[in-house]
Amino acid sequence: MSNQEYRLSGRLGADSIKLNKSSSIPEPGPGQVQIKFHACSVNYRDLLISKGLYPVSAKTDIVPISDGAGEITAVGENVTDLKIGDRVTPNFNQDHLQGQLTEKESAACLGSGLDGCLRQYGVFRASSCVKIPDSLSYEEASTLPCAALTAWNALYGNSDKPLKSDHTVLVQGTGGVSVFGAQFALAAGAKVILISSTDTKIARVRRFLVHRNLSTINYSATPQWGRRVKDLTGGRGVDHILEIGGEKTLKQSCEALAFGGTINVIGYLSMIGTGPSMSGLEIFIAVLSKNACIRGLAIGSVEQFNAMNAAIETHKIKPIVDKAFEFEDLKNAFEYLSGQKHIGKIVIKVPQ
């Protein structure tokens, strides 16, 4: 029996990711488990890595894609918490078990520093694998490790300023992190303001997120959306911002932020906004004048992953899967992601 897997061998996007249909199946060593994957989900990070544009270089000939879900088919010695047949997903960062991420732990990321999930079989540290909520399919669970956990960390990772039911959260766009952030915030009783580029995308996301606490803004039609956010919150502003845009959206985010609020810096998709960039002095003044917290995020820990999964079960949250592609249709999946017309997550099915 062979193992089908993809490997990244260049910087030409999906064309650099080659499929090997006759790779060997890895066996678990002590403290490891073997996972037979059923589904993977793609992130913008995966696209950047394939083009050599990610800030951290990937190892040569790496198995791409950080997010996947499957079943345990073999266990190594000294594995006591997991067994054959358990449905699991490996954590994005294999060394980040709990607490704050350290510099030493930061390199152990799937799909860049370590082989990822775009294969039929893989071996991972048992301590870094998380059981999938019973309510989710493999395709739905494959969306959790990066996008969902990042959103959860943004809202609950700062113990001094965790999300509360009387808070308002701003999310940018309709991608995985933003949609998960909206779902988690709404489940907690908080209010959500979602900004997007078109009325069509707003209408689509509203079909998935039907809630009285959700407000939306078309930022193309309202370039000064920070002011509109202030209007929607009675002049107060929002408590949490999931900052996906980067330099072109940061100015409006600062305008939209409440005094003492938090901007969680997650991405830099500058195409989200068309406004001017902020200078270092402007950022300094905005942070100081609003007693703000600007917090960089690098996904989350296994401990946070388990807490998030418990909340998913309690609140019956269902990940939004926009489209599922076949295993050999990787290029089209990447192109669909690049077009940024999706709502939620894009999934790749792994052959059984």
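**View 1. Trp152 in this predicted model is buried.** Its relative accessibility is 11%, under the 20% cut-off, so Trp152 counts as buried. Tyr156 comes out at 28% relative accessibility and therefore counts as partly exposed. Both residues belong to helix α3 (residues 144–156), where they are four residues apart, about one turn of the helix.

**View 2. Here are the rings of Phe37 and Phe124, an edge-to-face pair.** Aromatic pairs come to six in the count for this model. In this one, the ring centres of Phe37 and Phe124 are 5.7 Å apart with the planes at 85 degrees, so the pair is edge-to-face. Phe37 sits in strand β3 (residues 32–42) and Phe124 in strand β6 (residues 121–125), so to speak a link between distant parts of the chain, 87 residues apart. Both Phe37 and Phe124 are buried.

**View 3. Back to helix α3, this time for how the rings of Trp152 and Tyr156 meet.** Their centres are 4.3 Å apart and their planes make 35 degrees, so this pair is tilted. Zoom out a bit and ring pairs tie Trp152 and Tyr156 into a cluster with Phe180 and Phe184.

**View 4. Arg87 has its charged end over the ring of Tyr138.** The distance from that charged end to the ring centre of Tyr138 is 5.1 Å.

**View 5. Lys323 and Tyr336 give another charge-over-ring view.** The charged end of Lys323 sits over the Tyr336 ring, 5.2 Å from the ring centre.

Notes:
Residues are numbered from 1 along each chain as its sequence is written. This is a predicted model: local features need pLDDT of at least 70, side-chain atom pairs count only at pLDDT 80 or more; totals for chains, interfaces and linings use all residues. Side-chain values use heavy atoms; hydrogens and water are left out. Rings of Phe, Tyr and Trp (its six-membered ring) pair if their centres lie within 6.5 Å; planes under 30 degrees apart count as stacked, over 60 as edge-to-face and the rest as tilted. Helices (H or I, at least four residues) and strands (E, at least two) are DSSP runs, numbered from the N terminus. Buried means under 20% relative accessible area, exposed over 50%, partly exposed in between (1.4 Å probe, protein chains only). A charge sits over a ring if NZ of Lys or CZ of Arg is within 6 Å of the ring centre and within 35 degrees of the ring normal.
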